[in-house]
Amino acid sequence: MKIETQLRDGLVLNWALPKEILPALPPTLSYQVHADDGHDRVFASAFLFHHERVHWPALPGLRFSWPQMNLRLCVLDEEGVPSALIRRIFLPAWAYPGARLFAGPPVAVAHLDFPRPSNRLEAGEWRWRATRGVQLEVSAKPASPEVGVGPRLGSWERTVQYVHDRPRGYCLFPGGLRRTDVNHPPVASWPVRAEIHQADLFAACFGLAPTALPPLHSAWICPEIRLSFELALTPRLAVPQRVPHPAASRAALCGRHAAFPPRPAA
């Protein structure tokens, strides 16, 4: 099934996490690692954006829009293709049933309060909040390109490309993985200096304590990304018991450090 959409005013936050603190992966995926400061590090990202004009080409008049936050890890699939493992997808309650149908267990309800930087460039600083019992809160303002704690991936443009150019996304289901094939043109980015005020929600979704998070590696705003993607089921795979499954429990979903309210029925 082909779906077309555009993502607007998206804030991208990247952390380079030590591989040893991350959960085990399904057998067909492996972490894409980079040696740095005595650790194999893996990039984890939070993408906070407005998901707009979601539609099926066969029904162009039926379109939906909502704020959304995706949390993901940079991985390689069994063919060695740079991919993203979607750990969690947060969106408003009204959008939950439809999103859950396609993206499955990673989908959860949260209160999302996101700004529109492209509408208020003169504001100079913006603030994002995502809340589900615990919170991710961050402010950002325009800045020169800069890289914080973690591996260097080359130029700024190369860093942006590394995070975004992942043609396959995977979500973990009880019977295996569901793959999404993604197509989008080159991504424009505005470098920002981001300040994390609370990171409990991000950390909890990876089963970590907030104190385990290093400082940010990099951050930027994508004013617009036009996407088309195909939803396809991968062959069902037996998932080892050591792999934390998003649907197993609230503790496995987002970590024992977070107390989440019940989600609505799908």
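Twelve salt bridges were counted, a salt bridge being a side-chain nitrogen of Lys or Arg within 4 Å of a carboxyl oxygen of Asp or Glu. The model is predicted, and local features need pLDDT of at least 70, side-chain atom pairs count only at pLDDT 80 or more, and totals for chains, interfaces and linings use all residues. Residues are numbered from 1 along each chain as its sequence is written, and side-chain values use heavy atoms, with hydrogens and water left out.

One of the salt bridges joins Glu224 to Arg8, with an N to O distance of 3.7 Å. Because Glu224 belongs to strand 14 (residues 218-236) and Arg8 to strand 1 (residues 2-18), this pair ties together parts 216 residues apart in sequence. Strands (E, at least two residues) are DSSP runs, numbered from the N terminus. Glu224 is partly exposed, at 33% relative accessible area, and Arg8 is partly exposed at 22%; buried means under 20%, exposed over 50% and partly exposed in between (1.4 Å probe, protein chains only). Glu224 and Arg8 also belong to a network of salt bridges that links them with Asp9, Glu52 and Arg116.

A salt bridge is also formed by Arg168 and Asp77, whose closest N and O atoms are 2.6 Å apart. Arg168 lies in strand 11 (residues 168-173) and Asp77 in the loop between strand 5 (64-76) and strand 6 (82-91), so parts 91 residues apart in sequence are tied together. Arg168 is buried, with a relative accessible area of 15%, and Asp77 is buried at 6%.

In the salt bridge between Arg127 and Glu137, the closest N and O atoms are 2.7 Å apart. The pair connects strand 9 (residues 126-132), which holds Arg127, to strand 10 (residues 134-142), which holds Glu137, and so ties together parts ten residues apart in sequence. Arg127 is partly exposed at 32% relative accessible area, whereas Glu137 is buried at 10%.

Notes. Helices (H or I, at least four residues) and strands (E, at least two) are DSSP runs, numbered from the N terminus.
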